[in-house]
Amino acid sequence: MKKSFLITTAIDYVNSFPHAGHALEKIQADVLARYHRFLGENVFFLTGTDENSLKNVQAAGKEGISTRELVNRNAKKFYDLKEVLDLSLDDFIRTTEVRHIEGAQKLWKACQKDIYKKTYQGLYCVGCEEFYKENELVNGLCPEHKTKPELIKEENYFFKLSKYRNQLKKIIEKDEVKIIPQTRKNEVISFINSGLKDICISRLAERGRGWGIPVPEDSTQVLWTWFDALSNYINALGYAEDSKKFQEWWQKNENKLHVIGKGILRFHGIYWIAILLSARLALPERIFVHGYLTADNQKMSKSLGNVVDPFPLVKKYGTDAVRYYLLREISPTDDGDFTYPKFEEKYNADLAGGIGNLVARVLTVAEKTKLGGIEKIEPEFEKEIKKTHYNCKSALDNFKFNESLKAIWDLIGFCDKYIEIKKPWETKEPKVIYNLLVSLAHIAKLLQSFLPETAEKIFDQLGVSPFDKKFLKFRIKKGKLLFPKLNNKFTQLNKI
Ligand SMILES: [Zn+2]
């Protein structure tokens, strides 16, 4: 039987438009989805939008439109990333959909034994949709948003998180839910050790003018955004109606991975696991946590005017150029920085000068050469190609997108050096050209997960199929340059 692999990303708040940081996460997840398909597994790749937040009510109010109008408009922008970034999504769930609402309410009922009501007063950050303890604030401000949280006093529903403390600790420590990288796992453990208090999981419906999912049998309250949002992962699979799909992809599947940003680790590494335990549902096996993308070493923010918009970026440089930069230049797990000069420098060096140049050089000579019946590459190439496959895979198995790409670019460098020595444009030696063509085919094969469009173009120009086990016959048809060199000085798109 084929192995199954479920991969999800965070679902995004729709109170504003997507930026390049959202793109980073979706692209990382897409590489993993494509890679597991490449390994021959059944893959389900899910993303979506989180639309029941109080932030949306406020954002809509500011714009003078209805909340529904705002979420519809903005959710579309997030959905549009699918095409713009070439995401191989299998589903996109919006938390305003019926399948989600019914699932979230069902999950609430499944946790009923751990839910109770009490009056509560606390400091609430609307940006985070979370209550903060006094000692968690930095100079009285939310550490994430640098804004002053509101003092709120309400009668709300609570979830007995404290009850699960020991169980959670064991699950995380023993990697029953493996948090990657280790530093993030340590953070979760130290949060558990600092003492887990019960969490508030509802708010008064009137506080958000009725926006949100009603608590079952109590319409004066709506579900806390996170209780609601986290359930998207199972609702998309048909949890509400206990579908076969839910059973197969969630309950019985032992290969489920959540890809998230570091800011929402606590919700996934602790709250979500506890909720699933309470509802007696299967747990995810792994949580991969990426860092943040900064622009010119500053947090991207509207007020600073440095938000990198993925739409014009892709329009100018192409999808694969953006994918390449985010995967190769940005650390998979630490914060990484985006600047236009660096982006263009990498583009010219690695894409125009690296892969683009190699393909053009090899195909120019190959077009004019009769290869005859050569069917074997030289041992040094065989060794190099094998090594590349190995390094590429082992890096990717450990979420090291940058190192995996480096392995491919090492093979590109190896071919470039070989060309300099052998000068095939003078000698027209078929054997030399054959070595290079087979290498290119393998480069394309490995690039499929990272730069799918580029890989396809290389296969087309070589006239071979990505499904070939051995590349014996080439039908060369040289095409356009893959990445034309950028000659103009860099432009800041967001300033145009
Ligand atoms: Zn906040």
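What share of the contacts in the protein with a separation of 6 or more comes from residues 24 or more positions apart? The share is 74%. The views below are taken from a predicted model.

Figure 1. Along the principal axes, its C-alpha atoms fill a box of roughly 85 × 55 × 40 Å. The radius of gyration is 25 Å. A compact globule of 496 residues would have a value near 23 Å, so the two agree. Of the 496 residues, 45% count as buried.

**Figure 2. The cis peptide bond from I180 to P181.** Look at the link between these two residues: omega is near 0°. P181 sits in a loop. That loop runs between strand β8 (178-180) and helix α6 (182-193).

**Figure 3. D296, a residue with positive phi.** D296 is not a glycine, yet its phi is about 50°. The residue lies in the loop between two strands, β15 (293-295) and β16 (298-299). A buried residue would need 20 or more, and an exposed one 12 or fewer.

**Figure 4. K428, with positive phi between two helices.** K428 is not a glycine either, and its phi is positive at about 50°. Its loop joins helix α16 (424-427) and helix α17 (430-447). K428 has 14 C-beta neighbours inside 10 Å, so this residue counts as partly exposed.

Notes: Residues numbered from 1 in each chain as written. Predicted model: local features only at pLDDT ≥ 70, side-chain atom pairs only at ≥ 80, totals over all residues. Rg over C-alpha atoms; globule rule 2.2 N^0.38 Å. Contact = placed C-beta atoms within 7 Å. Helix = DSSP H or I, 4+ residues; strand = E, 2+ residues; numbered from the N terminus.
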